[in-house]
Amino acid sequence: MASENIPVIIGAGQVTKKEASSVIGGSPVDLMAEAATIAAQDGGLTRQCLQKADLLITTSLFSDDGIINPPGCVADRLDLSDARCMVSGFGGIMPHAMLHHAMKAIAENKASLVILTGAEAQHTMQQAKNAKTFTGWKAASEHPSLPPLTPRGAFDGACETEHIHGLSLPATAYPMFENALRRLYGRTITEHTLKLGELMSRFSHVAANNPRAWFRESLTPEKIITASDANRNTAFPYTKRMNAMLGVDQAAALIVTSEAQARMMGVDPSKWVYVHGYAEASDHWHILEREGYGFSPAIEIVGRTALAQAGVTIADIDFFDLYSCFPVAVQVTRDMLGIAENDNRPLTVTGGLPYFGGPGNNYVMHSMAQMVEVLRQHSGKTGLVTGNSFYMTKHSSAVCSTAPPKDNAAASADVSVCQKAVDLRPKQKIDPRPAGRGMVETYTVIYDRNNLPGKGVVIGKEENGRRFAAYTPSDPSLFSAMVAEDFCGTTGTVVSQDNVNTFTPD
């Protein structure tokens, strides 16, 4: 593969609009076009250069009401008449998958100038809905589009019994992973909760110094872990300030080309950032099939592979952005990558999804764009950005630097290799209609908007080793006990009626 075909990121753009916009002019299409324009300006590209883009990929939208063919709409807005267009499909790693697809196309001479962009306008949409003025974004395009990068949709991350018992809601599933991790660490509830506050406080400090962050308040650990009117409990052990902030208006874009094309367009080499290593893989797709909770074989394998491609170790990484939809995602990724808990390197460059903002499938476009800026300011240093889809299901890692790579390993990487390794791990059998004795592996208590506990949910195993999900009886005294003392390891009886399972402790 010719060295001239080494892919390089030449432009990065981000948009954060905290004031709700008019629906006309404030759509995700408008935000994506604005971010792409900023990225072009960042790379010193003229409008004429940008219009030569031959591939445009946009992340799938959560807030796409009334948008027909989003990538085509963006192409129309940017006058990209010759660009092939496609949408990503769902998942938090999709900006990474889009980037790898672009790199591979450039390395194989199948694309010369690629625009990657995504946005969410949940804030504007919600404000308009509250005012009863939202009737859709009303955007459409007849620009031809290719099939999605992945066919997965928003509801494809869980099986039927997981949907029935609430595990398809990230705000339910991640707290369950957190309680399993606490048990793995051997901490008390009080000890672990304080650790969560300390971890996320450090993220908020970074957001406070990032002008693009949605929330720019440096929060103390106590303010994060203490329930209040502004910070209600969501699902034990999490409060609202530990959850990704989805209600944002944010967009980001990257522009990728080859070294040869960058030179032809006169892009300043000080703007160039390379991906030295890339890998992705899914843990066993369904939560109930997984080997266990509080760890991730996929993260370990993906991280190790990306680092090996780049020819570096975790100790060589200068800057991180670990996907942070919930605290457990950060901790498990940190542990699987071999980063010590007391390592003084910050784990985010943006401030993280709870404080910077969590714009749907597009957060990693922001973390990559931010990492591009950081690495330009620290020439020769190395950054690592991770992604996470669905319920700590699919994972990605990208190792980046301004220094040119020794080869095109990242662009040519066969991402199926990591997946084959993960697939060899033990897989649990699911029982959608369990009956008899069981033991709790992990759990959570879900709170309503009045900060009152409303549901208990458990993942457990029957005596035959099969895995199940179930609700607990709706008993306030039981909920109080579940948040006061560790409920993992509790034994009891599970029954199933009309596919809804109930676990009653002894």
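Guide: Asp42, Lys271 and Arg376 are linked in a network of salt bridges. A salt bridge here is a side-chain nitrogen of Lys or Arg within 4 Å of a carboxyl oxygen of Asp or Glu. This is a predicted model, in which local features need pLDDT of at least 70 and side-chain atom pairs count only at pLDDT 80 or more, while totals for chains, interfaces and linings use all residues. Residues are numbered from 1 along each chain as its sequence is written, and side-chain values use heavy atoms, with hydrogens and water left out.

Visitor: How many salt bridges does the structure hold?

Guide: Side chains of opposite charge can pair when their charged atoms come close. By the 4 Å criterion, the number of salt bridges in the structure is 21.

Visitor: Which residue forms a salt bridge with Asp486, and how far apart in sequence are the parts that the pair ties together?

Guide: The side chain of Asp486 meets that of Arg183 in a salt bridge, at 2.8 Å from N to O. Asp486 lies in the loop between α16 (476-484) and β17 (491-497), and Arg183 in helix α7 (residues 170-185). Helices (H or I, at least four residues) and strands (E, at least two) are DSSP runs, numbered from the N terminus. The partner is Arg183, so the pair ties together parts separated in sequence by 303 residues.

Visitor: Is Arg183 buried or exposed, or in between?

Guide: Buried means under 20% relative accessible area, exposed over 50%, and partly exposed in between (1.4 Å probe, protein chains only). Asp486 is partly exposed at 29%. Arg183 is also partly exposed, with a relative accessible area of 44%.
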